[in-house]
Amino acid sequence: MKFTQMAKANEIERDWIVVDATDKVFGRIITEVATILRGKHKPSYTPHVDCGDYVVIINASKAKFSGTKLEDKNYYTHSGYFGSTKTHRMSDMFEKNPEKLYKLATRGMLPKTKLGKEMLKKLKVYAGSEHPHTAQIKG
């Protein structure tokens, strides 16, 4: 009888994957990145183990948006105090800090647990084409 092999945390080999966001749709990039961070693209995927790879997104400020999301969509923050709800437009966030927008969108597609937080730490986002991870990426 053959049994399914479960991956252990110390046996996992992590790669570094570079995703260029130039002229790609924002949501499609995020779904691809979330799948890689989670490790679902590997045959050794195990739900309770962080078996994903590192992802570096370059040219984050050159992504495209479908429809009128950029003007219509809002993000809300709340500090916990009464009347402290703040609204941030997606277009303003994309202009000022696209890295934060990518992290927020990816966080929504990962598990809402300690494991998900660990997965999100493997995401590196840069607005331009330069990044400091050239030594890790096999070329």
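The views below show a predicted model.

**View 1. Overall layout of the protein chain, with five helices and five strands.** Read from the N terminus, the elements follow the order β-α-β-α-β-β-α-α-α-β. The C-alpha trace spans about 60 × 40 × 30 Å along its principal axes. The chain has 139 residues, and 35% of them are buried. Among contacts with a separation of 6 or more, 66% are between residues 24 or more positions apart.

**View 2. Strand 2 and its pairing with strand 1 and strand 5.** Strand 1, residues 16-20, pairs with strand 2 in the parallel sense over five bridges. Within this pair, Val-18 has Val-56 of strand 2 as its bridge partner. Between strand 1 and strand 2 the chain passes through helix 1, and this β-α-β crossover is right-handed. Strand 2 and strand 5 also run parallel and are joined by three bridges. Here Val-56 stands opposite Lys-124 of strand 5. Four of the five residues of strand 2 are buried, so the strand is largely enclosed by the rest of the structure.

**View 3. The largest nonpolar core, made up of 26 residues.** Ile-57 and Tyr-102 have the most contacts inside this core. At least two core residues come from each of helix 1 (26-38), strand 2 (54-58), helix 3 (90-96), helix 4 (98-107), helix 5 (114-120) and strand 5 (123-125). Helix 1 gives the most, with seven residues.

**View 4. Surroundings of Tyr-102.** Leaving out residues up to four places away in sequence, Tyr-102 touches Ala-21, Phe-26, Ile-29, Ile-30, Ile-57, Ala-60, Ala-63, Leu-123 and Val-125. One of these, Ile-57, is named together with Tyr-102 as having the most contacts inside the largest nonpolar core.

**View 5. Thr-106 in helix 4.** Is Thr-106 buried or exposed? Its relative accessibility is 0%, so Thr-106 counts as buried; the cut-off for buried is under 20%. Leaving out residues up to four places away in sequence, Thr-106 touches Ile-30, Val-33, Ala-34, Leu-37, Leu-120 and Leu-123. Ile-30 and Leu-123 are also among the residues that Tyr-102 touches.

How values were computed
Residues numbered from 1 in each chain as written. Predicted model: local features only at pLDDT ≥ 70, side-chain atom pairs only at ≥ 80, totals over all residues. Heavy atoms only, no water. Core = buried A, V, L, I, M, F, W, Y, C linked by side-chain atoms within 4.5 Å. Buried < 20%, exposed > 50% of the residue type's maximum accessible area, 1.4 Å probe, protein only. Contact = heavy atoms within 4.5 Å. Pairing = 2+ DSSP bridges. Right-handed = clockwise from strand over helix to strand, strands pointing away.
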